[in-house]
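Hello,

Here is the structure I promised to pass on. Please open it first, then read my notes below.

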Amino acid sequence: MSTAAAKSTGRSGPTDPLVAAGAAPGYRPSATLPVLAEFRRQASRRRTQLALGFMVLLPLIILIAFQFPQDDNDRNGGGEFSSLIDLATTGGLNFTLFTIFVSASFLLVVVVALFCGDTVASEASWGSLRYLLAVPVPRARLLAVKLIVALAYSALALLLLAGTALLAGTLRYGWEPLSSTVAAQIPAGDGLLRLLAVLGYLAVVLLTVAGLAFLLSVLTDAALGAVGGAVLLWILSSILNQIEALGVVREFLPTHYSNAWLGLLSTPMQTDDIVRGCISAICYATLFWSLAFWRFTRKDVVS
C-alpha cells in the first residue's frame, strides 16, 4: 500500500517514526499502563488495604484510649506530652493535631516508605517486572506511573488519618478553637486552615522519604530492604540532627526541618523554616527520583 493510501485509510505508514523503528502499527507508548489501571491494581493488594485501614483505625484507637481514666501521678510525670494529651480532649481540631503529632515522626514515614519502596521491588521479586516491560511498556513510563500511584496512595493515607481524626474528635469533643502549647487559642475556622497547612507541609517533607524509598526500590529486588532502608536512613538522619556538635552540617540533613510545621501554630506564624524545609525536601526528592530514573533506564532487568 502506498503512503498516500495509508494516510487515507488512517493506518500508520512508513513515515510513522514508531513504525520505522520497528514498532507495530497503532502502537503508542503513552497508551500503555494507564495510571487508573495501576491505581486499581495497587488497591487490590493486601498491603495497600492494611495500610489505609490502619490510617482509619489509629485515630479510633487513640480516641478509645482517652476514655480510660488516667492516674494523676502519670499525668504529672508526662511533661509536655501530658499537656498535649490534655489539649487533645478539648476539641476535634486539637484531637486531630495530637494524632498528627504522634504519627508524623515515625508512622507516616513507614507508610510512605511502604508505598514508594514496595512498588518496583515487589514486581522484581515476583518476576513480573520483565513481563510488564515486554508488553511493551517504556521504562520511563512504567517508573513514572508507579511513582504517581505511590505518591497518590501516600497522600490518601495522610488525608485518611487526618480526616478520620477530625471527624471522630469533633463528634466526641465538639467543634472548638485550636489550642497549642506554643500559642494562644486559634479560632476554629482559622485553625482548620492551619491544620491543612500542616498537612501540606508534612506531605512536602515526606517527599524525601518517598524519593529515597523509590530509589532503593529500583536498586534492589527486595521490597523489605527498600522500605526498611529508607526508614532506617531517616531515623539515622534524625539521630544525627540531635548532635549539636555537627553545627551547620545539621541544616543539610533531610530531617532538620521535619518539625518546622510547629511554626504554623504560633501567633504570628513562623514560616522561615517552613520555606527552608520545602526547598530541602524538594531538592532531595528530585535528586533521588532522578537517580532512580537514570538507573532504571540503564538497568538489566532479569526478574
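Confidence first. This is a predicted model. The protein chain has an average pLDDT of 84. A score of at least 70 is reached by 81% of the residues. Two stretches need care. Over residues 1–13 the pLDDT stays under 50. The model gives residues 1–13 13 contacts beyond four places in sequence. Residues 18–24 also have a pLDDT below 50. For residues 18–24 the model has 8 contacts beyond near neighbours in sequence.

The volume of the largest pocket is about 300 Å³. Its lining is made up of 18 residues. Closest to the centre are Ser238, Thr255, Tyr257, Ser258 and Asn259. Which elements give two or more residues to the lining? They are α12 (188–219) and α13 (223–241). By type, the lining residues divide into 9 nonpolar, 8 polar and 1 charged.

Last, the serine. Ser103 sits in helix α7, which spans residues 92–104. Is Ser103 buried or exposed? Its relative accessible area is 1%, so Ser103 counts as buried, the cut-off being under 20%. Leaving out residues up to four places away in sequence, Ser103 touches Leu58, Leu108 and Leu161.

To look at these places yourself, start with Ser103 in α7, then go to the pocket lining at α12 and α13.

Best wishes

Methods:
Residues are numbered from 1 along each chain as its sequence is written. This is a predicted model: local features need pLDDT of at least 70, side-chain atom pairs count only at pLDDT 80 or more; totals for chains, interfaces and linings use all residues. Side-chain values use heavy atoms; hydrogens and water are left out. On a 1 Å grid over the protein atoms alone, a cavity is a set of points where a 1.4 Å probe fits but cannot get out, and a pocket is an open set with protein on both sides within 12 Å along at least five of seven lines; lining residues have an atom within 4 Å of a point. Grid points are joined across faces, edges and corners, and a volume is the space filled by probe spheres set on the points. Helices (H or I, at least four residues) and strands (E, at least two) are DSSP runs, numbered from the N terminus. Ala, Val, Leu, Ile, Met, Phe, Trp, Tyr, Cys and Pro count as nonpolar, Asp, Glu, Lys and Arg as charged, and the others, Gly among them, as polar. pLDDT is the predictor's confidence in each residue, from 0 to 100. Contact means heavy atoms within 4.5 Å. Buried means under 20% relative accessible area, exposed over 50%, partly exposed in between (1.4 Å probe, protein chains only).
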